[in-house]
Amino acid sequence: MMSAGANNGSGPCGACKFLRKKCVKGCIFAPYFDPDQGTAHFAAVHKVFGASNASKLLLHIPAHKRLDAVVTLCYEALARVRDPVYGCVGHVFTLQQQVLNLQAELAYIQAHISTLQRLSQPPSQCALNPAQTTINSSSEVPSFTKLASNSNISTHFDQLQVQQASTEMTGFYNPSE
């Protein structure tokens, strides 16, 4: 986006090119809108804010902060062109929703990890809380005959873990649902 524009004699800056006017030395837009891609960016800025308003804004901003202002103007103008109703606010809402979903997923995963860590501790170290380890029905516990007939006990343990975790996780976001 930076360009010497009128300073190096390479022709008009992107803004002056779009406006079809001569780019004079000291053009407020020349350092920020190059002759190539700057024209498209300035077209959006012009459509949304107008050239006069954009130049007045830049003149009232200290020179060392103008690049940030131009980047922001371009971003907001391009967002407004893409979405005339919400502009960049629609993008902000989308990002906020994404943050909320990721926070919920993180809470779910952290709770799941905590449950798995509690279940992997030996019974002597694990402080059992009756409210958390209550089993609702006898069908959730694998019977001794089923355990004895199957040499792979871990499958039954994993099923019990999943059942306990699902009863403890009510209220958390489940990404698989």
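**Ground rules.** I number residues from 1 along each chain as its sequence is written. In this predicted model I take local features only at pLDDT of at least 70 and side-chain atom pairs only at pLDDT 80 or more, while totals for chains, interfaces and linings use all residues, and side-chain values use heavy atoms, with hydrogens and water left out.

**Overall.** I looked up the secondary structure and found 7 helices and 0 strands; helices (H or I, at least four residues) and strands (E, at least two) are DSSP runs, numbered from the N terminus. The pattern along the sequence reads α-α-α-α-α-α-α. I noted an accessible surface of about 12000 Å² for the protein, with 59% of it belonging to carbon and sulfur atoms; areas come from the Shrake-Rupley method with a 1.4 Å probe, and for residues only the protein chains shown count as cover. Of the 177 residues, 27% are buried. Here buried means under 20% relative accessible area, exposed over 50%, and partly exposed in between (1.4 Å probe, protein chains only). I also looked at contacts (heavy atoms within 4.5 Å). Among those with a separation of 6 or more, 58% join residues 24 or more positions apart.

**Core.** I looked up the largest nonpolar core, which has 22 residues. Such a core is a set of buried Ala, Val, Leu, Ile, Met, Phe, Trp, Tyr and Cys residues joined through side-chain atoms within 4.5 Å. Cys13, Cys27, Phe29, Phe33 and Val45 have the most contacts inside this core. At least two core residues come from each of H1 (14–19), H2 (38–48), H3 (51–59) and H4 (66–82). H4 gives the most, with 5 residues. As background, nonpolar side chains tend to be buried together in soluble globular proteins.

**Helix H3.** I listed Ala51, Ala54, Ser55 and Leu58 as buried in H3. Seen down the axis of H3, these buried residues fall within an arc of 95 degrees, so they line one face of the helix; the arc is that of the directions from the helix axis to the C-beta atoms. The cover over the buried residues of H3 includes H1, H2 and H4.

**Alanine 44.** This residue lies in helix H2 and is buried, because its relative accessibility is 6%. Beyond its neighbours within four places in sequence, I found alanine 44 in contact with Ala77, Leu78 and Val81. Alanine 44 and leucine 78 are 34 residues apart in sequence, with 5.8 Å from C-alpha to C-alpha.

**Loop residues.** I found arginine 20 in the loop between H1 and H2. Its phi is positive, about 55 degrees, although arginine 20 is not a glycine. Most residues other than glycine have a negative phi. Arginine 20 is exposed, with a relative accessible area of 78%. Alanine 63 sits in the loop between H3 and H4 and counts as exposed at 55% relative accessibility.

**Surface patch.** Val85, Tyr86, Val89 and Phe93 make a nonpolar surface patch of about 420 Å². Patches are made of residues with over 30% relative accessible area and no salt bridge, like charges being joined within 9 Å and nonpolar side chains (Val, Leu, Ile, Met, Phe, Trp, Tyr) within 5 Å; a salt bridge is a side-chain nitrogen of Lys or Arg within 4 Å of a carboxyl oxygen of Asp or Glu. Valine 89 is in helix H5 (residues 88–120) and is partly exposed at 39% relative accessibility.
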